[in-house]
Amino acid sequence: MVIHIRRMAKTLAAISVTVGIFSIIFWRDLMSIVGIPASKVYDSKDIKVTISGELTLSWKGKVKLTGQVGSVLWNHPEHCSSSNLCLEWKDNAQLKIGGDENADENADIVCHHFHWRAVKETTALQDCFQMHPAHWYGGGEVVYQDWPLEEWNHALTPFLSGDMLLDAEGRKGYGSVVEPYWLSSRGVGIIVDSSTPLHVGITHGRLCLRSTYKGSKYQNYFHSPLKMDYTICVGENVKKVHDFMRKKYFSFPTAWPDERMFTSPVWSSWAQYKVFIDQPSIMDYAKNIRKNNFKDSQLEIDDGYQTAYGDFAFDPKKFPNPSRMVKDLHDMGFRVTLWVTPFANPESKAYVEGTKHGYWVKDDHGQPAIITWWNGEGVMLDFTNPKATEWYTGRLKALKEETGIDSFKFDAGETRFLIKDYQTQSRLINPCEYTTHYVNAVSSLGSQIEVRAAYKNQNQPIFVRLMDRLSTWGWEAGLKTLLTTAVTFGVLGYPYVLPDMIGGNGYDEGDFHSVALPERELFIRWLELNAFLPSMQYSVQPWQYDQEVVRIAQKWTTFHEEVIAPRVLKIVKEETVIDGSPIIRPLWWIAPEDKYATRIDCEFLVGSDMLVAPVLDKGRVARDVYLPAGKWTNPNGNILEGGRWYGGVSAPLEEILYYVKT
């Protein structure tokens with residue numbers, strides 16, 4: 001490569017502008033080429049640019065973030081004449097960095113927008129950021145939900161939602177809830193615009209954002225030049241930056257779901273019976289719940305009741321009189337909900353009718369796109385088509401009228417189930433917008449709704465369910481991830497967390513239709529933790545173990561109903577619907593500059609004044625507890641000084657440790 005000294009000198013002298021309070025540094029090591037120090041494209045008090053692509057962001061003289069922009073471009077940037085802060089990789093791409101005039105001066109937050117545009121047929125744009133020495137949060141749901149993120153080993157993957165347990169591909173990608181938002185304990189927030197065909201990787205302590213249409217379901221409808229747009233905001237600490245970004249970039253619910261769902265547990269047929277349900281088994285299930293003196297928010301009839309997937313009709317052999325069954329359940333005090341999906345299999349009547357009217361997502365030939373889901377082959381409803389949505393929701397309303405069913409549990413909805421060259425009536429700039437349309441549509445059916453997938457749906461007052469948990473202790477969608485996933489949902493703007501079933505789904509060696517009883521100790525520790533979350537959900541019956549387990553389950557279910565639910569509803573009404581604050585919070589919410597609070601993955605807050613420290617390891621009856629600064633009271637009334645660790649605190653099997661800030 002030939003370097004023209006004259007051009008380089010012109011480049012070095014071209015820029016002298018102050019932009020905000022960022023420092024953005026681009027380095028190039030020219031010493032080996034021309035024997036002089038690295039040359040700067042930009043240098044001022046707060047912004048410094050050289051020509052290698054290395055990046056440093058500073059705030060009031062403190063380095064907040066380092067990394068490299070244009071890391072997959074072969075040549076080096078020069079300054080553009082069209083902007084004070086514009087870099088051009090000749091014959092490849094251009095990057096403009098603009099300030100945010102609407103940043104919060106009171107919060108002392110400064111934001112910059114990174115606008116990438118390819119000049120020619122560049123196949124990828126990529127920027128990478130060093131995550132260390134900070135801790136990081138956000139992104140989305142994954143199988144191994146470590147908290148924080150910087151130790152992940154997650155190769156560059158299309159940033160699209162998937163069924164993370166369905167296959168090997170799913171376990172390497174993202175789960176049902178994704179948001180292109182990452183947050184650093186050093187006071188940095190990164191949010192990527194939905195128009196970017198985004199791929200994300202976290203490896204070797206680096207967060208990489210790549211824009212490319214290659215190898216993904218992102219579609220370049222208009223064959224426009226590749227682009228990548230994102231915003232980085234910096235401030236004093238993680239809490240201040242997150243507060244600012246949550247209010248600026250997320251919507252939040254101005255109402256809340258059905259209050260009974262917060263208070264009394266959901267009882268689902270799934271883990272207990274899988275698809276092997278019928279009218280007698282559902283009635284027997286309900287009678288046992290009442291016999292053992294448990295309340296309910298609803299009894300949920302899961303998969304296994306339909307004649308064909310998509311028809312929303314009870315199998316008459318298994319359910320000879322569903323209306324009578326629902327009436328009998330109502331007479332027992334239950335509300336009844338049904339499991340539904342956006343799929344219809346070819347043998348269903350819905351498939352024929354939907355095909356006639358063009359209601360399904362189509363392939364590139366305009367035919368219904370056949371996809372594979374966990375119950376065979378099927379098609380997906382096109383929720384961008386208002387007539388298709390009206391048809392879908394209308395059939396569900398008719399089912400409620402016909403049978404007396406109270407509401408629904410909505411499964412699936414992820415982009416994983418879109419074929420590569422899918423077609424929808426309204427074009428989706430980002431495939432995840434399919435999920436947005438789906439969730440918005442089903443949210444219209446009342447306040448008793450739950451979904452498992454979400455993207456840009458923070459405004460909906462519905463419960464968002466964690467993806468199926470496995471009945472294990474560990475990090476592979478096990479008990480440890482119940483806590484970290486719930487906290488992640490809160491950071492991403494989804495406060496109404498519906499945890500998965502207590503004890504997990506009881507899958508036996510990966511068979512999703514198997515019925516296996518979770519380990520007794522695991523079940524107990526799981527229900528103790530779940531008692532402090534916004535909603536409880538049983539499926540496995542506690543009386544399948546012994547009366548001691550029933551007693552412990554009654555104790556913590558009553559505790560949730562009498563202590564936690566009122567606290568949660570108070571948080572919802574006084575904070576969540578006002579500013580989007582989550583219910584379940586990380587410790588850094590009240591201690592943003594505490595080195596332990598920003599790292600701990602085994603404690604959480606309910607609101608800002610109750611700290612919970614569950615036992616998450618098999619065989620343990622004690623654990624270390626960290627209390628942030630302040631005075632904390634344990635259930636025995638003892639006042640403990642915060643800002644320190646307490647080692648070996650006793651936690652017998654039937655107890656969970658929690659503290660209230662005084």
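Within the largest nonpolar core, which comprises 159 residues, Y392, F410, F532 and F604 touch the most other members. A nonpolar core is here a set of buried Ala, Val, Leu, Ile, Met, Phe, Trp, Tyr and Cys residues joined through side-chain atoms within 4.5 Å; buried denotes under 20% relative accessible area, exposed over 50%, and partly exposed the range in between, with a 1.4 Å probe and protein chains only. The greatest contribution to this core, 12 residues, is made by helix α14 (residues 547-579). Helices (H or I, at least four residues) and strands (E, at least two) are DSSP runs numbered from the N terminus.

The structure is a predicted model, in which local features require pLDDT of at least 70 and side-chain atom pairs count only at pLDDT 80 or more, whereas totals for chains, interfaces and linings use all residues. Residues are numbered from 1 along each chain as its sequence is written, and side-chain values use heavy atoms, with hydrogens and water left out.

The surroundings of F532 were examined with contact defined as heavy atoms within 4.5 Å. When neighbours within four places in sequence are left aside, F532 is in contact with W556, F559, I564, I584, F604, V606, M610, V612, I656 and Y658. Under the same exclusion of neighbours within four places, the contacts of E528 are W556, L653, E654, E655 and I656. Residue E528 is located in helix α13 (residues 520-530) and is counted as buried because its relative accessible area is 1%. A polar atom of the E528 side chain lies 3.3 Å from the backbone nitrogen of E655.

The structure contains 3 disulfides, each defined as a pair of cysteine sulfur atoms within 2.5 Å. A disulfide is a covalent bond between the sulfur atoms of two cysteines.

One of the disulfides is formed by C80 and C86, whose sulfur atoms are 2.3 Å apart. This link of C80 and C86 is left-handed, with -70° about the S-S bond, and both C80 and C86 are buried.

In the disulfide of C111 and C233, the sulfur atoms are 2.0 Å apart, and an angle of 105° about the S-S bond makes the link right-handed. This pair connects distant parts of the chain, with C111 in strand β8 (residues 110-118) and C233 in strand β16 (residues 227-234), 122 residues apart. C111 counts as buried because its relative accessibility is 1%, and C233 counts as buried because its value is 0%.

C128 is joined to C208 by a disulfide with an S to S distance of 2.1 Å. The link of C128 and C208 is right-handed, with 110° about the S-S bond. Because C128 lies in strand β9 (residues 125-130) and C208 in strand β15 (residues 206-211), the pair ties together parts that are 80 residues apart in sequence. C128 is buried, at 1% relative accessible area, and C208 is likewise counted as buried, at 6% relative accessibility.

Accessibility was also computed for C432 and C602. C432 is buried, with a relative accessible area of 0%, whereas C602, at 23% relative accessibility, counts as partly exposed.

Definitions and conventions:
Polar contact = N/O pair within 3.5 Å; in protein donor to acceptor, adjacent residues only side chain to side chain.
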